[in-house]
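Colleague: Could you take me through this structure step by step? I would like to ask questions as we go.

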Amino acid sequence: MSQALARPRAGAFNLFRARMNVVIVGGGVIGVTSAWFLRQAGHDVTVIDRQSGPALETSFANAGQVSWTFAKPWAAPGVPRNALKWMLQEHAPLVLRPRLDLAMWSWLLRMLANCREPRYLRNLERMLRIARYSHETLVELREQTGIVYDHATRGTLQLFRDEAGVAAAERERPILERLQVPHRVLDAAGCLSVEPGLRFSTVKFAGGVHYPDDETGDCHAYTSELARRAEAQGVVFRTVTAVRTLEAEGDRVRAVHTDGGQITGEVYVLAAGSYTPLLARPLGIRLPVYPVKGYSATVPIENADAAPGSTLTDERYKVAITRLGNRLRAAGTAELAGYDLTLRPARLRALAHVIGELFPRAGDLSRAEYWTGLRPMTPDNLPVIGPTPYRNLYLNTGHGTLGWTMSNGSARLLADIISGKKTAIDLDGLTLARFGRG
């Protein structure tokens with residue numbers, strides 16, 4: 001499609017649009033929060049998902065971090081150099097499976113271009129803007145609804161095993177201070193004061209950074225509960241319904257074709273995670289979102305004093321370990337392998353290795369439940385929210401590893417855009433327009 005990306009007319013944000021019938025493709029945390037806020041805005045909403053319930057794919061067993069202050073782009077200075085080292089490292093945090101996949105190689109090149117410091121700093125500011133707003137929105141929704149999802153508010157610990165990591169954190173302090181990100185750089189003793197369970201660690205660590213305003217919570221539990229509340233308010237969920245194509249006529253989408261028939265509405269939202277580009281491409285929308293595979297392990301906690309109290313990220317292996325009620329969740333690995341969902345033993349061993357070193361007495365690893373999912377990532381690691389070249393088609397996708405963190409804010413922004421309201425934060429750098437094409 002050759003037309004320019006649709007943008008609201010000057011002053012249009014002040015004109016509240018009438019009640020509309022909105023069809024959302026995707027029932028993960030992004031789709032369900034979008035449904036919730038659109039319903040709160042007064043619209044009729046239908047959510048379509050191929051699974052039997054909400055949040056059964058990428059949102060099912062993620063790291064559990066709501067880390068708005070620890071939100072940083074993966075595309076950062078030093079990553080190209082580190083990537084080569086990681087690929088030779090046992091239990092590597094990055095795995096590239098070479099394949100004849102033009103989308104993968106194009107995405108990689110564009111991500112490397114974002115590793116330059118000026119772009120990293122620009123992307124960091126944009127990421128913090130949406131992540132901060134999303135956290136505020138989550139807290140407000142939680143207070144209004146009393147929703148329960150094994151959440152805790154004890155912050156995130158970024159853990160370094162060597163002094164080089166601590167030194168790098170010290171160099172980054174001026175940036176975090178300028179962006180007003182609450183944080184404390186800690187020595188090893190300080191890390192133990194934040195996470196006493198680390199006293200049983202079989203490896204030494206040099207220090208870390210504590211982000212006290214971050215939270216934790218079970219994304220699947222949250223999404224499922226929010227979906228139940230949304231359904232009670234009139235949102236329709238069409239589950240076990242696979243979307244085949246979107247039909248367009250001129251500059252408007254006319255219908256969604258599914259394996260259960262045709263579904264129509266006045267407005268359409270693509271919130272299908274890594275699968276969004278596959279649905280957008282036939283419409284002429286080239287969306288630079290690529291699936292980056294991640295793994296997790298969930299272990300029942302048998303010794304609470306030897307388990308994490310909140311969440312931490314081991315910077316050597318890029319593995320996050322989180323306390324979710326009476327469970328420990330470890331998640332990590334960036335594997336570029338297309339849409340493959342194979343549980344690879346080497347990746348599972350990497351998660352078990354990190355748990356076994358940092359929290360060896362927390363639980364029985366033989367009882368671990370393993371999972372894998374596809375993170376929808378853009379080259380700059382920022383989401384894509386808002387309009388497309390089609391007047392009634394909108395996007396909410398590309399959140400990468402921060403879908404849980406950014407979900408509520410992204411959904412509220414989308415609801416405001418569709419409703420013709422002024423958004424609470426600047427959308428610069430968060431829409432499809434930043435890629436210069438539809």
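Colleague: Is Thr333 buried or exposed?

Modeller: This is a predicted model, and in it Thr333 has a relative accessibility of 6%. Buried means under 20%, so Thr333 counts as buried.

Colleague: Where does Thr333 sit, and what is it in contact with?

Modeller: Thr333 belongs to strand β17, residues 327-336. Apart from neighbours within four places in sequence, Thr333 is in contact with Ala92, Pro93, Lys293, Gly294, Tyr295, Lys318, Arg347 and Arg375.

Colleague: Turning to the sheets, what is the strand order in the open sheet of 6 strands?

Modeller: The order is β9-β2-β1-β13-β20-β19, and the pairing is mixed. The twist from one strand to the next averages 20 degrees.

Colleague: Why is one side of β9 and of β19 left without a neighbour in the sheet?

Modeller: β9 (236-238) and β19 (384-387) are at the edges and each has a single partner strand, so one side of each has no neighbour in the sheet. Elsewhere in this sheet, β13 and strand β20 (residues 393-397) run parallel and are joined by 3 bridges. Tyr268 stands opposite Leu393 in β20.

Colleague: And which strands form the open sheet of 3?

Modeller: That sheet has the order β10-β11-β12, with antiparallel pairing. Its edges are β10 (243-249) and β12 (261-263); each has a single partner strand, so one side of each lacks a neighbour in the sheet. On average, neighbouring strands here are turned by 30 degrees against each other, direction ignored. β10 pairs with β11 (residues 252-258) over 6 bridges, and Val243 stands opposite Thr258 in β11.

Colleague: What about the largest nonpolar core: which residues have the most contacts inside it?

Modeller: Those are Ile24, Tyr222, Val269 and Ile418, in a core of 48 residues. At least two core residues come from each of β1 (21-25), α1 (29-40), β2 (44-48), α4 (117-145), α7 (219-232), β13 (267-270) and α10 (403-419). With 8 residues, α10 gives the most.

Colleague: What does Ile24 touch?

Modeller: Leaving out residues up to four places away in sequence, Ile24 touches Gly31, Ser34, Ala35, Leu38, Val45, Thr46, Val47, Ile48, Val269 and Ala271. There is also a second, separate core of 27 residues, which includes Met111, Tyr120, Leu179 and Ala334.

Colleague: Back to the helices, at what angle do α4 and α10 pack?

Modeller: The angle is about 90 degrees, and the axes are 7 Å apart. Angles of 65 to 115 degrees count as roughly perpendicular, and α4 and α10 are therefore described that way. Among the residues that meet are Met127, Ile130 and Tyr133 in α4, and Thr405, Met406 and Leu413 in α10. By class, this contact has 8 nonpolar, 7 polar and 3 charged residues.

Methods:
Residues numbered from 1 in each chain as written. Predicted model: local features only at pLDDT ≥ 70, side-chain atom pairs only at ≥ 80, totals over all residues. Heavy atoms only, no water. Pairing = 2+ DSSP bridges. Helix = DSSP H or I, 4+ residues; strand = E, 2+ residues; numbered from the N terminus. Axes fitted to C-alpha atoms, helices over the stretch in contact; angles between N-to-C directions. Buried < 20%, exposed > 50% of the residue type's maximum accessible area, 1.4 Å probe, protein only. Contact = heavy atoms within 4.5 Å. Core = buried A, V, L, I, M, F, W, Y, C linked by side-chain atoms within 4.5 Å. Parallel < 35°, antiparallel > 145°, perpendicular 65-115°, else oblique. Nonpolar A, V, L, I, M, F, W, Y, C, P; charged D, E, K, R; others polar.
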